[in-house]
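Q: Hi! Could you walk me through this one with me? I'd like to talk helix packing and then charged pairs.

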Amino acid sequence: MAKKASKSKKAVSKKTGCCAEVPVDNVFYLNDGRILKSLCELRDALKAMDAGTFSHHVNQERNDFANWVRDIMKKKAVANQMAAANTRKAMLAVVSKACK
């Protein structure tokens, strides 16, 4: 009897572009417990994000979202625009534009 090919335990995302998922070791953990795996998940989270969660990740000292997009997704141009966005609405506009 022939052996069956073993399946890889590493999940590979078949999504592309904005919805391409980062490796499981590089997901973004929001302080409210949600986990983001892609730019489109960030976009969707920003739509409903409360002010407390947003200001925890984006404030005068840091911009966790821009850092994640720059360092993990390697989208420097988008990250630079995100770094200039200091409101949830402005951040959502940048991310939504990048997802078109």
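**Helix packing and salt bridges**

A: Happy to! Helix 3 and helix 4 are roughly antiparallel to each other, and bear in mind that this is a predicted model.

Q: At what angle do the axes of helix 3 and helix 4 cross?

A: They cross at roughly 170 degrees, and the axes come within 8 Å. Since angles over 145 degrees count as roughly antiparallel, that is why the pair gets this label. Helix 3 covers residues 64-71 and helix 4 covers residues 76-84.

Q: Which residues make the contact?

A: From helix 3, Phe65, Ala66, Val69 and Arg70 take part, and from helix 4, Lys76, Val78, Ala79, Met82 and Ala83.

Q: And how many of those are nonpolar, polar or charged?

A: The contact of helix 3 with helix 4 has 7 nonpolar and 2 charged residues, with no polar ones.

Q: Switching topic: how many salt bridges are there?

A: The count comes to 6 salt bridges. One of them joins the side chains of Arg70 and Asp71, at 2.8 Å from N to O.

Q: Are Arg70 and Asp71 buried, exposed or partly exposed?

A: Arg70 is partly exposed at 32% relative accessibility, and Asp71 is partly exposed too, at 38%. Elsewhere, salt bridges with shared partners link Arg43, Asp44 and Lys47 into one network.

Q: What is the N to O distance for Arg43 and Asp44?

A: That salt bridge has an N to O distance of 3.2 Å. Asp44 has a relative accessible area of 38%, so Asp44 is partly exposed.

Q: Which residue does Glu41 pair with?

A: Glu41 meets Lys37 in a salt bridge at 3.8 Å, N to O. Lys37 is partly exposed, with a relative accessible area of 32%.

Conventions: Residues are numbered from 1 along each chain as its sequence is written. This is a predicted model: local features need pLDDT of at least 70, side-chain atom pairs count only at pLDDT 80 or more; totals for chains, interfaces and linings use all residues. Side-chain values use heavy atoms; hydrogens and water are left out. Axes are lines fitted to C-alpha atoms, for helices over the stretch in contact, and angles run from 0 to 180 degrees between N-to-C directions. Helices (H or I, at least four residues) and strands (E, at least two) are DSSP runs, numbered from the N terminus. Angles under 35 degrees count as roughly parallel, over 145 as roughly antiparallel, 65 to 115 as roughly perpendicular and the rest as oblique. Contact means heavy atoms within 4.5 Å. Ala, Val, Leu, Ile, Met, Phe, Trp, Tyr, Cys and Pro count as nonpolar, Asp, Glu, Lys and Arg as charged, and the others, Gly among them, as polar. A salt bridge is a side-chain nitrogen of Lys or Arg within 4 Å of a carboxyl oxygen of Asp or Glu. Buried means under 20% relative accessible area, exposed over 50%, partly exposed in between (1.4 Å probe, protein chains only).
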